Amino acid sequence: MAAGVLTIIVVACLLAPLIAPHDPNHQLDIIRLQSRPPSADHPFGTDLFSRDVLSRVLYGGRLSLGVALLSTLVSVTLGTVYGAVAGYATGLKAVLLSRALDALLSVPRVLLLIAILAVWTTPPLRVFVIVLGATGWYALARLVRGQVLALRERDFVVSARALGASHSRILFRHILPNVVTPIVVAATLGIGQVIVLEAGLSFLGIGVRLPGASWGNMIQTGPYEFAAYWWISLFPALAIVLTVLVFNVLGDALLRVLQPRQTGTE
Amino acid sequence: MNEPLLSVENLRTYFYTGSAIARSVDGVSFSIGQGETLGIVGESGCGKSVTALSILRLIQQPGRIEAGSRIMFEGKDLVTLDDSAMRHVRGNRISMIFQEPMSALNPVFTVGDQVAEVARVHGTGSRRDAWARAVEMLTLTGIPAPGDRARQYPHQLSGGMRQRVLIAMALMMNPALIIADEPTTALDVTIQAQILDLLTDLQTRLGTSILMITHDLGVIAETASRVVVMYGGEVVEEAEVKQLFADAHHPYTEGLMNAMPQIGAGRERLNVIPGTVPPPTAWPSGCRFRDRCSFAWEMCEKEHPPLYQISAGHTSRCHLAVEPERRADPHLPLVEQVGATL
């Protein structure tokens with residue numbers, strides 16, 4: 001169910017250029033089509049600059065989802081590698097890696113992002129993705145570290161060492177495959193978080209800048225006139241809520257489906 | 001006997017736990033000949049598993065093999081070997097069979113993958129060759145339909161099957177020595193017998209030496225030719241199996257024998273050795289068994305007994321060797337006397 005809805009959302013956003021009724025940034029008719037409510041021609045209405053809101057939601061979704069997926073990819077990679085190494089290390093190295101992680105976890109992410117993104121007047125999308133990813137891997141790293149720490153003492157790891165496997169082989173070929181489930185679940189839930197974060201930053205004006213459409217900055221254009229022109233903010237907001245909800249439901253479902261294999265083989 | 005395959009000399013493995021030092025293995029020496037099965041027997045905490053792990057240098061922090069220990073194998077001292085050379089020995093020249101077939105297999109890979117992995121680790125041949133050899137090894141261990149079984153996950157196999165898989169992994173590189181650490185403890189008695197038969201059969205066919213570690217004298221009787229009895233991190237007696245069963249010298253070995261249920265002995269209570277193994281952080285002075293021994297006298301407290309030569313190939317770490325007349329005069333062991341006054 002959740003996967004179905006997600007597929008529809010993703011496909012719709014990917015096919016935005018094909019199915020969007022209008023160019024998202026084109027001002028159709030500033031006199032006659034300024035801030036029109038939803039109608040047959042414009043199902044989500046038009047905004048203050050007479051742009052089609054439906055088209056902008058589709059294109060905005062492409063950007064929001066793309067940013068979320070790519071930055072999650074970055075953070076999952078960083079978090080997995082760091083967490084795995086921190087969990088497998090022993091002695092002073094383990095202590096240093098873990099304390100460094102605790103320190104990173106204590107930095108408020110939004111403030112850090114504002115500070116970093118303030119460097120650019122208009123941050124390139126690539127930078128935005130990398131910065132989002134590079135600040136989002138600590139929780140996952142801690143999760144992976146905990147799992148690796150527990151698995152490290154298991155007999156099959158001692159067994160792998162007794163077979164003559166090297167440390168990197170043990171860690172990446174014998175231990176990590178056992179951590180895939182929590183990583184997949186955390187990543188799925190993480191995508192939802194990043195969408196909200198991206199929306200929040202764009203809303204604050206430091207993420208995706210206008211006139212490019214993202215769900216966050218679309219909401220930003222609406223609130224001043226929300227009572228009169230509710231559709232301008234409502235539809236991108238609904239898109240966010242629906243997408244995040246779907247990702248969360250999907251994450252929970254994955255957890256339920258994948259968990260039995262983990263516990264069933266104890 | 002010609003040059004032994006493995007010769008452990010004065011092995012000491014200590015664990016540094018906070019303030020105390022646990023001297024889990026404290027000066028153990030023994031050797032294994034080509035194609036021989038040596039049994040190490042002793043109760044929990046006597047240091048037999050730590051000895052096994054030390055041979056493959058699998059001791060983890062805070063444990064350490066102390067300087068002065070030597071483990072000679074194929075002309076090399078394993079204690080001082082560098083890490084990459086040691087990895088070449090592990091699984092390749094010396095392999096290990098673990099106690100828990102349940103947890104010694106990785107739950108997320110098929111058993112065939114795991115057997116083949118041994119060859120992959122040691123970088124011999126292609127993926128396909130490794131798989132073919134894995135199936136061959138599974139066949140050798142008597143697993144029915146090995147080709148199909150190889151594609152199954154560990155949780156789909158029974159305990160006995162899994163143990164066969166572990167044996168297949170151990171045989172993969174045709175090692176000179178297999179260390180079997182309580183290979184049958186987690187199995188049913190009937191499966192135990194099958195696994196032991198399999199091991200002895202494979203040994204005669206392949207000429208591999210086996211170090212059989214167990215707490216079960218029955219397993220020793222069935223598989224080993226020579227046996228080392230360990231207590232308190234030390235070797236307390238060593239003899240040919242027949243000799244040991246006929247004429248055990250050390251009171252601890254006698255206690256182990258008496259603790260075995262006898263067929264036809266009626267429904268008596270099983271004999272037990274009173275007390276427990278003292279903690280490895282505080283071995284008693286003198287003889288480490290004296291608290292639990294029914295012959296202990298002053299000398300046992302003052303003097304740590306050396307390994308006395310009893311007869312050819314038979315040694316015992318007990319002062320009774322020099323004062324055999326005391327064997328006629330047993331008394332309550334110290335721990336029971338203390339227990340009675342409490």
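Here is a walk through this predicted model, taking chain B as a whole, then its sheet and loops, and ending with helices of chain A.

Let's begin with the overall build of chain B. It has twelve helices and 13 strands. Its C-alpha trace spans about 65 × 50 × 45 Å along the principal axes. If you take the contacts in chain B with a separation of 6 or more, 65% of them involve residues 24 or more positions apart.

Now for the sheet. Eight strands of chain B form an open sheet with mixed pairing, in the order β7-β8-β9-β3-β10-β11-β13-β12. The edges belong to β7 and β12 (308-311) of chain B; each has a single partner strand, so one side of each goes without a neighbour in the sheet. From one strand to the next, the twist averages 20°.

Strand β7 covers residues 94-97, and its link to β8 (residues 177-181) of chain B is a parallel one made of four bridges. Within that pairing, B:Met96 has B:Ile179 as its bridge partner.

Two loop residues in chain B are worth a stop for their backbone angles. B:Ala145 isn't a glycine, yet it has a positive phi of about 50°. You'll find B:Ala145 in the loop between α4 (127-140) and α5 (146-149) of chain B. B:Ala145 is exposed, with 10 other C-beta atoms within 10 Å. The other is B:Asn174, again not a glycine, with a positive phi of about 55°. B:Asn174 sits in the loop between α6 (159-171) and β8 of chain B. It counts as exposed as well, because it has 12 C-beta neighbours inside 10 Å.

Over in chain A, the thing to look at is a pair of helices. Helix α3 (residues 53-88) packs with helix α10 (residues 180-204) of chain A at an angle of about 135°, their axes being 8 Å apart. That angle makes α3(A) oblique to α10(A), and the crossing is right-handed. Where do they meet? On the α3(A) side the residues include A:Ser64, A:Val67, A:Ala68, A:Ser71 and A:Thr72, while α10(A) contributes, among them, A:Ile183, A:Ala187, A:Gly190 and A:Val194.

Finally, stay on α3 of chain A for A:Ala86, which lies in that helix. A:Ala86 counts as buried, with 24 C-beta neighbours inside 10 Å. Which residues does A:Ala86 contact, leaving aside its neighbours within four places in sequence? They are A:Ala94, A:Leu97, A:Ser98, A:Leu101, A:Ala141 and A:Arg145. A:Pro108 is another matter: it is 22 residues from A:Ala86 in sequence and 22 Å away in space, C-alpha to C-alpha.

Key. Residues are numbered from 1 along each chain as its sequence is written. Chains are lettered from A and ligands numbered from 1 in the order in which they are written. This is a predicted model: local features need pLDDT of at least 70, side-chain atom pairs count only at pLDDT 80 or more; totals for chains, interfaces and linings use all residues. Two residues are in contact if their C-beta atoms, placed from the backbone, lie within 7 Å. A residue is buried if 20 or more other C-beta atoms lie within 10 Å of its own, exposed if 12 or fewer, and partly exposed in between; C-beta atoms are placed from the backbone. Two strands pair if DSSP finds at least two bridges between them. Axes are lines fitted to C-alpha atoms, for helices over the stretch in contact, and angles run from 0 to 180 degrees between N-to-C directions. Angles under 35 degrees count as roughly parallel, over 145 as roughly antiparallel, 65 to 115 as roughly perpendicular and the rest as oblique. A crossing is left-handed if the near helix is turned anticlockwise from the far one by less than a right angle, and right-handed if clockwise.
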